[in-house]
Amino acid sequence: MADAYSRAMGTGRGVRAVYPGSFDPFTPGHLNVVDRARRLFDEVVVLVAVNSLKNPGTDEEERAAAVRAILPAGWTSVSVAAWSGLTSAYCRRQGVGVIVRGLRNTTDLQSEYRLAAMNESLGVPTVFLPAQPELATMSSTAVRTLRK
């Protein structure tokens with residue numbers, strides 16, 4: 001475990017983080033996680049991913065464009081990428097040292113912990129950021145339901 005953290009922190013270079021998700025749609029809670037992550041890490045990539053368990057209304061490139069449109073112009077250390085593989089593979093390929101995940105509740109923690117353990121075994125540690133209380137009840141699913 002110490003090896004993964006040592007690689008994530010690197011020596012003589014900034015720490016790059018990735019914040020993966022399907023982001024269908026990107027919510028104020030997601031934006032809050034990105035804002036806090038950009039204050040912790042030198043660079044943050046919002047990774048718009050394909051999740052075979054979800055059926056998004058648009059493809060990952062369209063969702064990535066929507067996220068780009070929401071991010072404030074002054075957040076120059078934040079970028080957006082679309083990806084259809086494993087997050088850990090993206091991290092290795094792009095030199096990203098840590099995965100950031102937001103948590104709204106204990107149900108999120110249980111499922112995210114399993115993913116974090118898998119990614120840790122693949123050499124990429126995960127940092128959890130708890131949701132701000134006023135944003136904890138909001139989910140992409142709820143936002144999609146309210147739009148209908």
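Predicted model: local features only at pLDDT ≥ 70, side-chain atom pairs only at ≥ 80, totals over all residues.
Which residues are buried in H5?

Start with the largest nonpolar core, which has 21 residues. The members that touch the most others are Val34, Phe41, Val46, Val67, Leu71 and Val100. Two or more residues each come from strands E1 (16-21), E2 (43-49), E3 (78-83) and E4 (98-103), and from helices H2 (28-40) and H3 (60-70). There is also a second, separate core of 10 residues, with Val45, Leu47, Ala81 and Cys91 among them.

Phe41 deserves a look on its own. Leaving aside residues up to four places away in sequence, Phe41 touches Val15, Ala17, Val98, Val100 and Val127.

Now helix H4, residues 87-94. Its buried residues are Thr87, Ser88, Tyr90 and Cys91. Viewed down the helix axis, these fall within an arc of 160°, so they line one face of H4. Arg92 and Arg93, on the other side, are exposed. The cover over the buried residues of H4 includes E1, E2, E3, E4 and helix H5 (106-121). After H4 comes Gly95, with a positive phi near 70°.

That brings us back to H5. The buried residues there are Asp108, Glu112, Ala116, Asn119 and Glu120. H5 has 16 residues and spans 22 Å from first C-alpha to last, close to the 22 Å expected at 1.5 Å a residue. At its start, a side-chain oxygen of Asn105 comes within 3.1 Å of the backbone nitrogen of Thr107. Just after H5, Gly123 has a positive phi of about 95°.

Terms used:
Residues numbered from 1 in each chain as written. Heavy atoms only, no water. Core = buried A, V, L, I, M, F, W, Y, C linked by side-chain atoms within 4.5 Å. Buried < 20%, exposed > 50% of the residue type's maximum accessible area, 1.4 Å probe, protein only. Helix = DSSP H or I, 4+ residues; strand = E, 2+ residues; numbered from the N terminus. Contact = heavy atoms within 4.5 Å. Arc of directions from axis to C-beta. Expected span 1.5 Å × (residues − 1). Polar contact = N/O pair within 3.5 Å; in protein donor to acceptor, adjacent residues only side chain to side chain.
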